[in-house]
Amino acid sequence: MVRPTQLLHPQREPARPHPAATVLLLRDTPEGVEVLMTRRSASASFAPGAYVFPGGRIDEGDATARPIATRRDTQSDAQLTQAIAAIRESFEELGVLLARHPDGRPVGADEFATMDRSTAATTVAFAKQCAQRGLLLCTDQVYTLAHWTTDRDLPKRFDVPFLVARMPEGQTPSADEAEQFEPCWVRPADALARHKAGSFFMIFPTLRTLERLAAYETVDAVLDACATRESGEGPLWTSCPRAGLLRGEEARYMEHESAFGELALVSPDGQLVHTLDWQSEKPVPLLKNVQRLTASNPGPMTGPGTNSYIVGDASTGYLVIDPGPDDAAHIERLWRATGGDIRVIVCTHSHADHSPAAAPLQQLCKTPPPILGLASASTARSSARFTPDRELADGERIVLGAGAHTHTLRAVHTPGHAANHLCLVLEEDGLLFSGDHVLNGSTTVIDPPDGNMNAYLGSLDKLDATCEQGGVDFILPAHGYVLGNARAALAHLKAHRLKREAKIAAAMRKLPQGTPEDWLPLAYDDVPQRMWPVAARSLAAHVERIRQSSRGMRSTQ
């Protein structure tokens, strides 16, 4: 866990989220699924003027409707209350009532005419009005699609399930003209296009929900996905987004998106303070004792560029991880960022975008720091030769400073991407500097003979154990933003590798007399063709591993 003393910004307690519920009312059309949306009042205290789904806060009185609420066996009390609140809000705001008579008859127009849908009437007496007419709420037909918690930086927050239900037949939405206006039916894809054009404003959770909803062709498909969730009743996804600044504007991200982990590291309480724009002119502070300077070498293999990390502070001196390519401007920026007080330089491996700057940077310093790492193996390409001043032993610690200003980096040998690859753990703050072993936004290339897939997968397991034992929460890769939830990221990466290997093995079985060139289009059919020459390297590593495994199985028979 990161030491609070190393955080860049004073922390504050985010606003407490209020329990709420919203419902997506859906209908089938020849053009596809449509969802009912409505525009919020321009004077609303939350999301003024935005197009939303009907919903609102869960009131204490909602539980009083449970006696007339139908229920699936798998619905919990909390889910039942959420469904009741969503049904009440859709009735109050749009005059749509998800209810029926015990014999299945729908609610009649004459019954609607006598019901009071004003806020004062429905908050407490909604259940009583329905009971007087012998109606049952169709809560058994309401399913949980998602669960959102409002971003931590906002002053007004909600903890809200996004529920889904089929629009009842024979009813026409009518806005209350107080909280909601202009009810409309819209296809998710059309709503997203209109928002992009600037004519249909929506907030982040609405946008992300519509993006996922657009993948379903029918209402039944949506409801079935919610009803047949492998782990039982519950949302298909949950999220409490985080916000940063991109090109001078707010940008919000869900947990699976590339910038989320970096925002969690820099601003755990969610304040909107961190800029996400990639640049190479100056270091980006991540903590008081960690800065990132990205080399100006963007490309298909390097993403936004190679990240050099500066660890330490003015009182301890600095350690530089992966000084980068032999780029004079980048080397000078590293020297200036540290005031020339570099105590150690560490290269995670010998590739041309990581280690060549080490010697020139060393020579700039008044007191030349040692260059540490692992010497390149004989299998390395000629462009990736590297010899450190001293080799780091697996588990060896490098210590800067003392007391509250101690920064301890532990070496972890992780062959796979390169035979001489290593990672570093900043023990006091639970950070893993992963070099090229783990990236954000791309998959590491394993290029035999210096790269080895068995070694790579074994090193992933080693890093997982390291993270578990050392309380590592964040991974700082050589390319891309910081990754959060370190162990989950490692598990996802390993699962991806094994899934790709299964596709390669299937291609080999389909074309047993084929060559790697024949298997590549089958195994990487989901990868742009322009990337196939790079993918071919990892395919070779997987083929080598598959054949080794096959030989091992035959030898034991």
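Five strands make up an open sheet of mixed pairing, in the order E20-E21-E22-E23-E24. Strands are DSSP runs of E of at least two residues and helices are runs of H or I of at least four, both numbered from the N terminus; two strands pair if DSSP finds at least two bridges between them. The edges of this sheet are strand E20 (397–400) and strand E24 (474–477), each of which pairs on one side only. From one strand to the next, the twist averages 25°. The model is predicted: local features need pLDDT of at least 70 and side-chain atom pairs count only at pLDDT 80 or more, while totals for chains, interfaces and linings use all residues. Residues are numbered from 1 along each chain as its sequence is written, and side-chain values use heavy atoms, with hydrogens and water left out.

Within the sheet, strand E21 (residues 407–413) and strand E22 (residues 422–426) run antiparallel and are joined by five bridges. Leu409 has Leu426 in E22 as its bridge partner. Helix H10 (residues 453–470) packs on the sheet and touches E21, E22 and strand E23 (431–435). Contact here means heavy atoms within 4.5 Å. The direction of H10 makes about 155° with that of E21, where axes are lines fitted to C-alpha atoms, for helices over the stretch in contact, and angles run from 0 to 180 degrees between N-to-C directions.

Strand pairing was also examined around E7 (residues 143–149). Seven of the seven residues of E7 are buried, so the strand is largely enclosed by the rest of the structure. Buried means under 20% relative accessible area, exposed over 50%, and partly exposed in between (1.4 Å probe, protein chains only). Six bridges join E7 to E8 in an antiparallel arrangement, with Thr149 partnered by Asp159 in E8. E7 also pairs with strand E10 (residues 237–239), in the parallel sense and over three bridges; the partner of Ala146 in E10 is Trp237.

A search of the whole structure gives eight aromatic pairs. Rings of Phe, Tyr and Trp (its six-membered ring) pair if their centres lie within 6.5 Å; planes under 30 degrees apart count as stacked, over 60 as edge-to-face and the rest as tilted. One of the pairs, Phe46 and Phe158, is edge-to-face, at 5.1 Å centre to centre and 80° between the planes. Phe46 lies in the loop between strand E2 (32–40) and strand E3 (51–52), and Phe158 in strand E8 (residues 158–166), so the pair ties together parts 112 residues apart in sequence. Phe158 is buried, at a relative accessible area of 13%. Trp148 and Phe204 have ring centres 6.2 Å apart and planes at 90°, so this pair is edge-to-face. Trp148 belongs to E7 and Phe204 to helix H5 (residues 204–213), so the pair ties together parts 56 residues apart in sequence.

Arg72 lies over the face of Tyr143, 3.9 Å from the ring centre, and the charged end of Arg212 lies over the ring of Trp237, 4.5 Å from its centre.

Arg252, in strand E12 (residues 249–253), is buried, with a relative accessible area of 15%. Its side chain makes polar contacts with the side chains of Asp151 (2.7 Å) and Glu250 (2.9 Å). A polar contact is a pair of N or O atoms within 3.5 Å; within protein, one must be able to donate a hydrogen and the other to accept it, and residues adjacent in sequence count only if both atoms are side-chain atoms.

Note on methods
A charge sits over a ring if NZ of Lys or CZ of Arg is within 6 Å of the ring centre and within 35 degrees of the ring normal.
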